[in-house]
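Please open the model in a viewer and keep the selection panel at hand.

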Amino acid sequence: MSTLARGQHEEDAGMATADSDLLSRRLAAVRAWTTFVELGDEAHTLVRPEIYASWERSGAVVRPDVLHAPLADEDDTQAFWRGSPLQVAVARVEEELRRTAEDGDLVLAVTDADTRILWTYGGRVMRRKAERVNFVAGGRWDDESVGTNALDLANRLARPSMVFSAEHYASMVHNWVCWAAPVNDPVTGRQLGVIDLSTTWDRTHPIGLATARVMARLIEQAMPRSHEHPGLAHLRAADESPDVAGLTLRLLGTAEAHLDGRRLLLNRRQTEILALLAMNPEGLSLERLHAMVYGDHHVTLSTLKSEVSHLRSTLHGQLASRPYRLTLPVTTDVEAVLSAVGRGEVTQALVAYGGDLLPGTNSPALAELGEYVAVAVREALLADPQPEAVVRYSELAPYDAEVLEVCLDRLGDRPHPAVPLIKGRLAVAGG
């Protein structure tokens, strides 16, 4: 046998062993489930304690042959999702989430704190399977509604969880494997829900649980920071006022767009396009806008045209072409920050500054603009380290010890109520 043939034979044998181990694991799960359904207590040594506890909760209220999850009120679900911190975060990283689902033929779901699904996206095969069992927006996937599953366990136990094949209480998802991880508010630490990744049991992989953790962190990092920050309450009130005319864009830390005071539901790419048009009021050609949005990525011009067409409809036609430009009044937090910096009003600049510009953006033009804004704010603070502004900045850049040190040095021995806080944050920053 040649070296190449021997290598292929060894690889095939390894795959066969892995397939055999996975099949044995599935058969063991089926036997444990059957024992529980038929005999109850005798199954407690056959599965993990959290699975058995969930089976007991499920068995009291759910039939094992349930065909699909119950659906919550559609209008209520949409109202909860629309404009929520989770919706904002998912919109900002939706491209990454969709790519993960498509590459792995997974179905992804994001839930609220009651394990009600708020958003899903699936690969071609898993999407059809998910729809048949109401693994869709509005589906209730707590174990008392649909039986043991990873979404409920991650939500209930506040830790990443996996449920494999017949570890699910409902037989309708015995062909699934699910990994889920909690999603927490990065400001308060409050658990907002979970993200779940599901596929067929035969595609189980050790990296599944780690991937769920990564997806949860991705959403958390994209979460708006301002909705819990009392210092920005007056800005929120202004943005949400029906008296505000034109387009208002918040791009720093939080991606939000309002038209005449009404929140627009946009995906991440559409927000990036709006941002670039807002920063270039003279207009951009199709080719220039494409380069600024996508850089060297191989994306067709027709894809960009489709996004612009959606935006034009959303803006009620107030987006001209040849060149593309906005034809309505536009205000942005980027302009507010840079204008305040230019006037030397450092504290006012920090009130408007919500953090990095569209973190994680793949747009080279926006990444460059974000770096410019961040440097401008930092340099303004180093030149004029107003304590109130430094405190605000340290919330957004907790490891920038230099700004804290300069502020304390400028204050010297003068008493100031912010000094203890600044010193405490300097200790955390390692200064």
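A pocket, as the term is used here, is an open set of grid points with protein on both sides within 12 Å along at least five of seven lines. The model on display is predicted.

Select E94, E95, R98, N267 and R268, which are the closest to the centre of the second largest pocket among the 23 residues that line it. The volume of this pocket is about 510 Å³. Next, colour the elements that give two or more residues to its lining: α3 (74-81), α4, α5 (94-104), β2 (117-122), α11 and α13 (301-314). Which element gives the most to the lining of the second largest pocket? It is α5, with five residues. Coloured by residue class, the lining of this pocket shows nine nonpolar, five polar and nine charged residues.

Select A91, A255, R263, L266 and T271. Of the 14 residues that line the largest cavity, these are the closest to its centre. About 80 Å³ of space lies in this cavity, and the count of cavities of 30 Å³ or more comes to one. Two or more lining residues come from each of α4 (85-92), β7 (256-259) and α11 (268-279); α4 supplies the largest share, four residues. By class, the lining of the largest cavity comprises seven nonpolar, three polar and four charged residues.

Now select L274, L289, L326 and L381, the residues with the most contacts inside the largest nonpolar core, which has 60 residues. Centre the view on L381. Its neighbours within four places in sequence left aside, L381 is in contact with V346, L350, A389, V390, Y393 and V403. Then move to another core, which lies apart from the largest one and has 35 residues, including A29, A32, I51 and A154.

**Last stop: the whole chain**

Finally, zoom out and display the chain as a cartoon, in which 19 helices and eleven strands can be traced. The C-alpha trace spans about 75 × 60 × 60 Å along its principal axes. Of the 431 residues, 49% count as buried. With a surface shown, the chain exposes about 20500 Å², of which carbon and sulfur atoms supply 53%. Among contacts with a separation of 6 or more, 62% are between residues 24 or more positions apart.

Definitions and conventions: Residues numbered from 1 in each chain as written. Predicted model: local features only at pLDDT ≥ 70, side-chain atom pairs only at ≥ 80, totals over all residues. Heavy atoms only, no water. Core = buried A, V, L, I, M, F, W, Y, C linked by side-chain atoms within 4.5 Å. Buried < 20%, exposed > 50% of the residue type's maximum accessible area, 1.4 Å probe, protein only. Contact = heavy atoms within 4.5 Å. 1 Å grid on protein atoms, 1.4 Å probe; cavity = no way out; pocket = protein on both sides within 12 Å on 5 of 7 lines; lining within 4 Å. Points joined across faces, edges and corners; volume = space filled by probe spheres on them. Nonpolar A, V, L, I, M, F, W, Y, C, P; charged D, E, K, R; others polar. Areas by Shrake-Rupley, 256 points an atom, 1.4 Å probe, with all protein chains shown as cover.
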